[in-house]
Amino acid sequence: RTAEVAHSIEGVTVMDAQKLEPGWTGKCNAVWTAARKARGKWLLFTDADTIHEPGNLHRAMHEAAKNKLGMLSYSARQLASGLVQRTLMPLIFSELAVTFPYEKVSDPNQRVAAANGQFLMVEREAYRKLGGHKSVADRVLEDVELAMLAKRRKVGLRLRYAEEELSTRMYRTTAAMMEGWTKNLALLFNNAPALAFWRALDIFLLFGLPFLAVEMWSERLTSRSFTWLGVGWILLLIWGRNLFRFYARVAKSNFRFVDCAMAPVGLPLFVWLLYRSWFQNRVLKRVSWKGREYTG
């Protein structure tokens, strides 16, 4: 039974979630409890670590009304600290930008659907039409699943990058980041093993080609044939092309230039996390998050 806590802070009522039933994730249970108590025309689901700019909610409601939306979601400016986060996060968010392009997600004629639980605003009637979080009670990526339902049931959906509206620091520690992305990567990228292979190939192209070029130019080889010198320059040209291609891809993450430039350092960890997430989600069918274990 849902019990309301007898105090409010600046107009915000703190509630106890209902007893967690089998098959429900903790987050879905919590937001479903709150959604049934809310009385507004619009429901905003957000995370505790999300920083909203003044007037954010008013502008979002105006944007939703102007575009006749039933669901509006923002991708926040990501705050990363430490070498591990600053090299890994641009890689992940660039892949998200490629897999879920904002323009395709927001196009009702495209099947691509996604949303970000850090800012997910839904019109009450649309939320009822979708079945609320009860319809995705057992899903770890409940925001993406709700967006997919919105697309299928013709509820107007829009997702965009909104650095001017909100920012967030997803993970405070490296351990939490490892656990979080292990939980999510294989669910976000259905082709996680293939993606891991291509990013492993990037490691070779970005770090191996310069080494091979130097070998081609070494006195040990060039003393015997000028052919090796030409091969070295060809390898360097291939390296330059791949470096440009790699940076252009990572820049889609909307991280700072310095973070994107350092991203190659994060490739080995990204490859490992993709494999780890795939293995736990698809093979073991068991992941852990904040002290809870989810099976599927």
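Q: Is Lys154 buried or exposed?
A: This is a predicted model, and the value here is a relative accessible area of 68% for Lys154. Anything over 50% counts as exposed. So Lys154 is exposed.

Q: Where is Lys154 found, and what is its phi near?
A: Lys154 is found in the loop between H6 and E8. Most residues other than glycine have a negative phi. Lys154 is not a glycine, yet its phi is positive, near 60°.

Q: Which loop holds Lys285, a residue with a positive phi?
A: Phi of Lys285 is about 55°, again in a residue that is not a glycine. With a relative accessible area of 44%, Lys285 falls in the partly exposed class. Its place in the chain is the loop between H12 and E10.

Q: How many of the residues of strand E5 are buried?
A: Strand E5 covers residues 71–75. In a regular strand the side chains alternate between the two faces of the sheet. Here Met71, Ser73 and Ser75 point one way from E5, while Leu72 and Tyr74 point the other way, and all are buried. E5 is therefore largely enclosed by the rest of the structure, and the count of buried residues is five of the five.

Q: Which element supplies the largest share of the lining of the second largest pocket?
A: Rolling a probe the size of a water molecule over the atoms shows where empty space is left. The second largest pocket holds about 910 Å³ of space. Elements that each supply at least two lining residues are H6 (142–152), H7 (174–188), H12 (267–284), E10 (286–289) and E11 (292–295). The largest share, five residues, comes from H6.

Q: Which residues lie nearest the centre of the second largest pocket?
A: The lining has 34 residues, and they divide into 14 nonpolar, ten polar and ten charged. Nearest the centre are Arg139, Glu145, Met148, Leu187 and Asn190.

Q: What percentage of the residues of the chain count as buried?
A: The chain has twelve helices and eleven strands, and its C-alpha trace spans about 85 × 40 × 35 Å along the principal axes. A residue counts as buried under 20% relative accessible area. Of the 296 residues, the buried share is 43%.

Q: Among contacts between residues at least 6 apart in sequence, what share join residues at least 24 apart?
A: A contact here takes heavy atoms within 4.5 Å. Counting contacts in the chain between residues at least 6 apart, the share that join residues at least 24 apart is 73%.

Technical notes. Residues are numbered from 1 along each chain as its sequence is written. This is a predicted model: local features need pLDDT of at least 70, side-chain atom pairs count only at pLDDT 80 or more; totals for chains, interfaces and linings use all residues. Side-chain values use heavy atoms; hydrogens and water are left out. On a 1 Å grid over the protein atoms alone, a cavity is a set of points where a 1.4 Å probe fits but cannot get out, and a pocket is an open set with protein on both sides within 12 Å along at least five of seven lines; lining residues have an atom within 4 Å of a point. Grid points are joined across faces, edges and corners, and a volume is the space filled by probe spheres set on the points. Helices (H or I, at least four residues) and strands (E, at least two) are DSSP runs, numbered from the N terminus. Ala, Val, Leu, Ile, Met, Phe, Trp, Tyr, Cys and Pro count as nonpolar, Asp, Glu, Lys and Arg as charged, and the others, Gly among them, as polar. Buried means under 20% relative accessible area, exposed over 50%, partly exposed in between (1.4 Å probe, protein chains only).
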